[in-house]
Amino acid sequence: MASELQVPIIDISGFAHGGQAQRAAIAASVGAAAREIGFMQICGHGVPDAAIEGLKAAIDGFFGLPLEDKLRCRPPSTEINRGYTGLRSERLSYSLGVASPADLFEAFNIGSTVSQHPGVALPAEHFPENLWPQQPAAFRAQIETWFAEAGALARRMTRIFALALNLPDDYFVPFQNRSIDTLRLNNYQLPPGDTRVEPGQMGMGGHTDYGIVTVLWADAVSPGLQIMDGDGDWHDIVPAPGAMLINLGDMLARWSNDRWRSTLHRVLPPVNGQGRLIRRRSAAYFHDGNHDALVSCLPGCADADHPPLYPPVTVGEHLSFKLRGSRGLELNPHSEREAARLLSGSE
Ligand SMILES: O=C(O)CCC(=O)C(=O)O
Ligand SMILES: [Fe+2]
């Protein structure tokens, strides 16, 4: 049985304008959560309630459309991480090279585009234009507001991370000033009467997030999100009222040589123990870093007893392998460490 794990709640409101001691105390709490769990709940995050209400309305409005309207927002190929992806079309565990049945979520993806960076040469594959639906009318404005708020919070977190790693607070800026950022709106909802769940099938299969940091808004619905601890046991996570979940991605695990965790997580199928359908929503903002940022072990995170665990990789290469797995359904052969953790975990 999965038990609930206390994910620390950290108030970061004093970070922007607080004194040195206050900033150091916040960085110490964030560093401890990054080391011990890889997930934290942030309050004092500065994201207005109205932006959260707008996000929820946009999710409800879009996913409530008839299927044929949603299918009109599908990208021309799975290589384009934009627009609508239907139920049972992705398999997140493939991003780690682990086979599983198709995931029981539908999603809508939005991201940074080439046109937002005029005069900068960026690879179109990582910055495709967005595929906005015509309806609901307010969707685009609500989602663009959320994208800006979550992106600002992600960048605020990277300053705190830098201090917690004994680096200047702007250390990560050269790795993130043209960052590939994507927002995935997730809707875990089976159509009425369709309670088919295959053995091992998940709402979203076990995976780590691919980039630097994820800002996750999620419904306080359980069973839902689970994270794996260091012993391979899964724990239910329900966000505290008003808190935003923050989890570290693979880039911070690689930079820190696994001192910090890119925690495995998954979402259980949207059906409760009695076979009743339960709906759950989430919005994951992935702050992934510049496509050409070369990520290798940070100074101070390796020594004779702790040699670097990962070869250097660019953000762009890493994302391509991961997305070819989860979206293209080609098992990723480059994630042995994380795959071994997923396979050794409890059911
Ligand atoms: O739905 C959730 O709570 C988690 C979503 C997630 O892990 C993701 O989109 O990467
Ligand atoms: Fe995730």
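**View 1. Arg-337 and the ring of Tyr-310 in a predicted model.** The charged end of Arg-337 sits over the Tyr-310 ring, 5.3 Å from its centre. A charge sits over a ring if NZ of Lys or CZ of Arg is within 6 Å of the ring centre and within 35 degrees of the ring normal. This is a predicted model, in which local features need pLDDT of at least 70 and side-chain atom pairs count only at pLDDT 80 or more. Side-chain values use heavy atoms, with hydrogens and water left out, and residues are numbered from 1 along each chain as its sequence is written.

**View 2. Arg-266 and the ring of Trp-234.** Here the charged end of Arg-266 lies over the ring of Trp-234, at 4.0 Å from the ring centre.

**View 3. The aromatic pair of Phe-161 and Trp-260.** The structure holds 13 aromatic pairs. Rings of Phe, Tyr and Trp (its six-membered ring) pair if their centres lie within 6.5 Å; planes under 30 degrees apart count as stacked, over 60 as edge-to-face and the rest as tilted. The ring centres of Phe-161 and Trp-260 are 5.5 Å apart and the planes stand at 70°, so this pair is edge-to-face. Both Phe-161 and Trp-260 are buried (under 20% relative accessible area, 1.4 Å probe, protein chains only).

**View 4. The aromatic pair of Phe-172 and Trp-255.** This pair is tilted, with 4.7 Å from centre to centre and 50° between the planes. Phe-172 is buried, at 2% relative accessibility; Trp-255 is buried too, with a relative accessible area of 2%.

**View 5. A cluster of rings.** Phe-62, Phe-63, Tyr-84, Phe-108, Trp-132 and Phe-139 are linked into a cluster by ring pairs.

Technical notes:
Chains lettered and ligands numbered in written order. Buried < 20%, exposed > 50% of the residue type's maximum accessible area, 1.4 Å probe, protein only.
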